[in-house]
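Subject: Structure handover

Hello,

Here is the structure I promised to pass on. My notes follow below it.

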Amino acid sequence: MNTITAVQFYIDKMLSDTPGMKVLLLDSETASLLGLFSHLLLTPIISMVATQSHLLQKETYLVDRIENTTRDKMRHLKCVCFLRPTADSLEKLIQELRDPCYGDYYLYFSNRLKKTAIEQLAEMDEHEVVREVQEYYADYYAINPDCFSINMDPDTIPLYGDTWTSWDSTSFTRTVDGLMGLLLSLKKKPLIRYQKQSAMAKRLATEIQFQIQQEGQLFDFRKSDTAPILLVLDRRNDPVTPLLSQWTYQAMVHELIGIKNGRVDLSNVPGIKPELKEIVLSCDQDAYFQKNMFLNLGDLGANIKSYVDEYQTKTKSNMNIESIADMKRFVEDYPEFRKLSGNVSKHVTLVGELSRLVDQGNVLEVSELEQSLACTDSHNNDLKNLQRLISSTKVSDASKVRLVQLYALRYEKFQGNALASLIDLLYKNGLSEREIASLDTLMQYGGASQRQDDLFSNESILSRGRSALKGLKGVENVYTQHQPQLGQILEQLLKMRLKETSYPFTEGGGGGSTSRDRPQDIIVFMVGGATFEEARYIAMLNAATPGVRIILGGTTIHNSQ
């Protein structure tokens, strides 16, 4: 159960099965899914799992987009088309076949293709250039081996319909396609459970069950000893996790800068070198990132220091390196170092920027209060610290609103709730009406009456305190008390104690004796988006639980923004 290798298998197969020099033709989404080079060259699906050098090894000398109508005619080349079977992509493919640019066409679709579409393509292939039509189920964004996303941007594709309990029709169809693609690529026919209180989770679970039954032949896999589980949850049941500051590498980059289709935009970093304005951050293509992606900032700094020390020896420099700022100076002063390892200088730059943003936004102090609000019940102390930070000029407006949001969720039912006075304080400190209105929106979205489970019942027993980082000055090893609610749900599921009254099976899709065995393969899908904190939790759980394989997915991957 590895999402990256599942997608890579399809990419390798479609390119290897088409011998000779070829062009790869993509649409806007399949390019993103594969996650390759830059803007035009690789679309999201492909760019997540393939590199330019990898494509060259497969004799793929040109990558282009099917919507590009200015492509040169090169009839000596074969064309591998990898497209989502959407009406738009099919229409562009039909236009391509009417006036083909290449000699032979091998058509691969990232999901199930309707019979009518196949007939239409056959009818339009007047030049008889189509040699093959296949379905390869790479219809989701593989981020980590055990984390995937449907990659729906809330700014462009709304998740919700008329209410927070109904799907937007486009989002629903895309999510069903993505989940079906995942199940087919992993060859899993699961029992399906869902969060009972969520109408959206129920609708999705029911539709997936229906589609599996409709596509009986496609799901005729060899039966495993224990049936896999697909568990469909709703983000509204835990609105706290996405609001917290993050301290592990991958999550922190996404929170403070943003990761989009495996890329990080550093163009706004002061004094950034041209070659580092956009960097790729992929656990599949970057061994250093893979090794350190779940480390906290302090341990990460220590690891990078040892890495820099190693290269410092090679450059025979006697420069004293003790802080992140020293590392950045060393990289800048020794251009030959950058040649030795562009990858290390990339990470030095990125960690340096994270450190700068932490200092600039007073994130350590903000995070300490966030953790207290999320994990402990000490109202008077929390209120006093919150009032102080709202009045501080060192704290960003976004952090101030987020802290009050966490307070509102934590103390919603508390008799001494001081939310009204905190809202007044936000106004006095210059926050806008729109920013403050988000408080009411959040409570409608994820307040106590909207949540199925008691979000704040499990207080952390970890001792609070800070431990100084050994080996690198200027960074503190910040503790993280908070555990996502997903952890409690999975703990109950693995102990076979997850109540069917709260997390029922779909009708005709599970239960009975087969459901009483401890699951070995679990796919968790979060309607409304997952987080990198939860992805890290899943990775740690997989490492600590032999014989169990868990994958986390969501409609998107959130940061607090």
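How many salt bridges does the structure hold? There are 23. Bear in mind that this is a predicted model.

**Salt bridges**

Start with Arg 174 and Glu 29. They form a salt bridge, with the closest N and O atoms 3.2 Å apart. Arg 174 sits in helix H6 (residues 169-186), while Glu 29 is in the loop between strand E1 (22-26) and helix H2 (30-33), so the pair ties together parts that are 145 residues apart in sequence. Arg 174 is buried, at 7% relative accessible area. Glu 29 is partly exposed, at 22%.

Next, Arg 112 and Asp 177. Their side chains meet in a salt bridge at 3.7 Å, N to O. Arg 112 belongs to the loop between E5 and H5, and Asp 177 to helix H6, so this pair joins parts 65 residues apart in sequence. Both Arg 112 and Asp 177 are buried.

Salt bridges link Glu 29, Arg 84, Arg 112, Asp 139, Arg 174, Asp 177 and Glu 215.

One further pair is Asp 238 with Arg 235, where the closest N and O atoms are 3.4 Å apart. Asp 238 is buried, with a relative accessible area of 4%. Arg 235 is buried too, at 1%.

**Helix H5**

H5 covers residues 115-124, and Ala 117, Leu 121 and Met 124 are buried in it. Viewed down the axis of H5, the buried residues fall within an arc of 70°, so they line one face of the helix. An α-helix has 3.6 residues a turn, so residues three or four places apart point the same way. On the other side of H5, Lys 115, Thr 116, Ala 122 and Glu 123 are exposed. The cover over the buried residues of H5 includes helix H4 (87-98) and strand E5 (102-109).

**Strand E17**

Strand E8 (residues 147-149) runs parallel to E17, joined by 3 bridges. Here Cys 147 stands opposite Leu 552. Strand E15 (residues 521-527) is also parallel to E17, with 6 bridges. Asp 521 stands opposite Arg 549 there.

**Overall**

The protein has 20 helices and 18 strands. Of its 561 residues, 56% count as buried. Among contacts between residues at least 6 apart in sequence, 75% join residues at least 24 apart. The accessible surface comes to about 25100 Å², and 48% of that belongs to carbon and sulfur atoms.

Best wishes

Technical notes
Residues numbered from 1 in each chain as written. Predicted model: local features only at pLDDT ≥ 70, side-chain atom pairs only at ≥ 80, totals over all residues. Heavy atoms only, no water. Helix = DSSP H or I, 4+ residues; strand = E, 2+ residues; numbered from the N terminus. Buried < 20%, exposed > 50% of the residue type's maximum accessible area, 1.4 Å probe, protein only. Contact = heavy atoms within 4.5 Å. Areas by Shrake-Rupley, 256 points an atom, 1.4 Å probe, with all protein chains shown as cover. Arc of directions from axis to C-beta. Pairing = 2+ DSSP bridges. Salt bridge = Lys/Arg side-chain N within 4 Å of Asp/Glu carboxyl O.
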